[in-house]
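Here is a structure to explore by question and answer.

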Amino acid sequence: MSYILRRCLYAIFVLFGVATVVFFITRLTGDPVTIMLPPDASVDQINTLKKSLGFDKPVIEQFGIYIYHLLQFNLGQSLKYGEPAAQLIADRLPATAMLATASLIFSLILAVPAGIVSAIKRNSSTEHGIMSLVLIGQSMPVFWVGVLLILLFSVELHWFPTGGYGGFNHLVLPAIALGMHLMALVTRLLRSSLIQSINSDYIRTARAKGLLPRAVIAKHALRNSLLPVVTVVGLEIGALLGGSVVTETIFAWPGVGQLLVQAIYNRDFPLVQGAVIMLAGIFVIINLLVDLCYAFIDPRIQYK
Amino acid sequence: MKMKWFIAAISLFVVLSGCESSNTSAPSNGTPSSSGNKATVKDTLVVAQETDAGTMDPQKQGKIPDMSILSNMFDTLVTRDANNNLAPGLATEWKAINDTTWQFKLREGVKFQDGEPFDANAVKFSIDRLLNPATKSPIVELNTVSEVKVVDANTVNFVTKGPDPILPNKVTLFGGVMVPPKYIQEKGDDNFAKNPIGTGAYKFVSWQKDNQVVMEANPDYWRGAPQIKKLVFRIIPNPADMVAALKTGEVNIASSLSSDVADQIKNEASLQVVSSPWIRTFYISLDTTQDGPLAKKEVRQALNYAVDVDTMIKTVLGGHAARVSTLIPKQNFGVDASIQPYEYNPEKAKQLLAQAGYPQGFSISLDASNADSSNVQAIAGQLAKIGVNVKVNLMDSATLVANITAKKSSPMYYIGNTGWTMDALSNFQSYIKSDRRYNRWKNTDADKLIDVEEQTVDPKVRQEAFSKLQTLLKDESPFIYLYQLDGIYGISKDLQWTPGPTGVLNMYGASFK
């Protein structure tokens, strides 16, 4: 219990750090007011807008106000949309979460069997086939895969729409594009981890006592090989949520990633801050959950 | 065991995707099959553009993509006809009754989409709301207006602080949008932004940010109901994806394409590329205020002689541009067609450089937006031929603008300007007079001429000032003058629609063949 409490304190510390860094980094990128107003705006108009947005105050004072608001869970108002940043992000989270979940399911459905098969059938043509495909999957950047998928499955075959948000149909191509890299990663990791387990003494014992090969793999080898896989998948969920920026742009998917990119282009400071803090928060929570998961997978691990 | 689960999961996946694809013929945004949906596509027009609107409150936006969407729901006092001349909109006629008063006669019998009548009070309310600092409007053109006076139910006077010769031009877009007083007072600003009501051809239905805006035809529209029943603006930030969506028939119009993207659809049987004159004009600003080569007039002239703009238009820009002699596009009031652009003459350029004391040329840096990379590289290549070694700094457009405004940009920067009022006043406004924000060239004659064209209502006097200004600008060359780009659109062949010169995507006149 005290472990969890301590981790939560760390989390708050990390979030405060993130909030501070993102505040000062955005301030380095220039003045948002000059971009909001057209070139014909007079100096008076610029100053009026600056004042009404609070950008006329010293940076330290702005920072104080920002932290004060943050402690009340107030992320401020978006400059572009004129709506609360938290609301805008909350509106986009379902789309991003949906995409991340879909690509996670896609990659695990393919990666787990592929990893097991290539570990069992070492040095066979099956293994070489799988590993070459995995290498290709890991080498292709998502923006390229995305465009290829659109060209093949949308433009040529008309199976799926080219992009946009909608039903299950709209989800397939972006989920594949986003999940490709994770799939390759998990396959390789599971394979090497499983190979290590298979060569260990307890597996020889299990085989010697006459267990079915299937049971040896599923109950003994696989379970012991999952620890690194869970760690990586856990970390990658965070990356899927935060790193879907490119995928969302290619597929015109209205998620947090696209919101964040647009906000950066528009110098929409409150929205950039809000989105970064929110993503960091999700990342921290997932990390904590992954650590807690270890105990279930490997009972030897105890938290103190 | 595990194989069973695997097979079960795969079959579930296949079944789900099968179910869904049979259900998607109804929604407008994703109709992947080009065959079965012809009937439904015919009364729905889908327009794709790169950026979404920031708000549905027309008085809180100031950019062309926002205006494109909103111009279908809202009307302006004045509009433009097929020849780009000012034409009646919600106002039927207008005249300057003295130097500081413009009088507008309003169209009778027009109603907002909720039934509220449009009248002189609505005009006063709209302009008062726009100018109220609490609105925080980014629209600044109408800051010359001191007061709107209601003369009678269908007549208003715009009283300006000084003479404003182009007030009617200014109310063709942004500031000229009319909003419903009663609706806004009763429902509040936030509600208005969520459920906008205008007098326009289409009614607001829904908006999912960065995905799509859906509108339906207003059957009671004062010009007559639009032919196409449903209008959807889809936001597709990636140009390659936009073209793909056009090819599959998911969208009918792909807007603001670049010439290399347009080449991809040239040979598609069901599509056409429409290249239409646009008023976005490009140039390179030269900083004459710093000591160095650019302070010398001969050097600036040499740079203009050294750039082969006509070849650039043919090659880099695929023919989708037109030459300009100074900063004014050919459609705008004030342009003097008798002033010829600089000819391409590298010999003369070298000669001028030698005269100025730079026979070996010099090195200089140039800022530009990433999007304009190939254009500035071409220019840098041509300048290298006369010994001017240009170091190109590419950045995102927001950073470029921020640097220019903060006067932190390089001695040369490449930028475009859309003078959407279609009067040369807007093209010169921020650059020419010594006290203006982007000025990097001081000239007392130019200052005087700017005062004349900005403060005189008589078009003849203004044209004379503009002609003199263009002669002066060509000779002094505080810019490298380049071209005005065409607006390039990919349009499905069964659609009839003519784009306008400001790039605003108004779909009222569109129809399917």
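Q: How many bridges pair β1(B) with β10(B), and in which sense?
A: This is a predicted model, where local features need pLDDT of at least 70, side-chain atom pairs count only at pLDDT 80 or more, and totals for chains, interfaces and linings use all residues. Residues are numbered from 1 along each chain as its sequence is written, while chains are lettered from A and ligands numbered from 1 in the order in which they are written. Strands (E, at least two residues) and helices (H or I, at least four) are DSSP runs numbered from the N terminus, and two strands pair if DSSP finds at least two bridges between them. For β1(B) and β10(B) the sense is parallel, and the count is six bridges.

Q: Which residue of β10(B) is the bridge partner of V46(B)?
A: β1(B) covers residues 44-49, and β10(B) covers 230-235. Across this pairing, V46(B) has as its partner V232(B).

Q: Which residue of β11(B) stands opposite A48(B)?
A: β1(B) also runs parallel to β11(B), residues 253-254, through two bridges. There, the residue opposite A48(B) is A254(B).

Q: Why is β1(B) described as largely enclosed?
A: A residue is buried if 20 or more other C-beta atoms, placed from the backbone, lie within 10 Å of its own; it is exposed if 12 or fewer do, and partly exposed in between. β1(B) is largely enclosed by the rest of the structure because its buried residues number five of the six.

Q: Which elements pack against the buried residues of α10(B)?
A: Helix α10(B), residues 297-306, has eight of its ten residues buried, so the rest of the structure largely encloses it. Among them are V299(B), L303(B) and Y305(B). Their packing partners in chain B are β12, α12, α13, β15 and β17.

Q: What is the strand order of the open antiparallel sheet in chain B?
A: The edge strands are β4(B), 91-98, and β6(B), 145-152, each pairing on one side only. β4(B) is joined to β5(B), 101-106, by six antiparallel bridges; one of the facing pairs is W94(B) with F104(B). The four strands run in the order β4-β5-β7-β6.

Q: At what angle does α4(B) run to β6(B)?
A: Axes are lines fitted to C-alpha atoms, for helices over the stretch in contact, and angles run from 0 to 180 degrees between N-to-C directions. Helix α4(B), residues 120-131, lies across β5, β6 and β7 of chain B. Its angle to β6(B) is about 170°.

Q: Which element of chain B gives the most to the side that touches chain A?
A: Two residues are in contact if their C-beta atoms, placed from the backbone, lie within 7 Å. By that rule, 53 residues of chain B meet 48 of chain A. α1, β10, α8 and α14 of chain B each supply at least two residues to this side. With eight residues, the element that gives the most is α1(B).

Q: How far apart are the axes of α7(A) and α8(A)?
A: In chain A, α7 spans residues 142-156 and α8 spans 168-198. L149(A) and F153(A) are among the α7(A) residues that meet α8(A), whose contact residues include L173(A) and I176(A).

Q: What share of chain B counts as buried?
A: Chain B comes to 17 helices and 19 strands. Its C-alpha trace spans about 80 × 75 × 40 Å along the principal axes. Of its 513 residues, the buried share is 50%.
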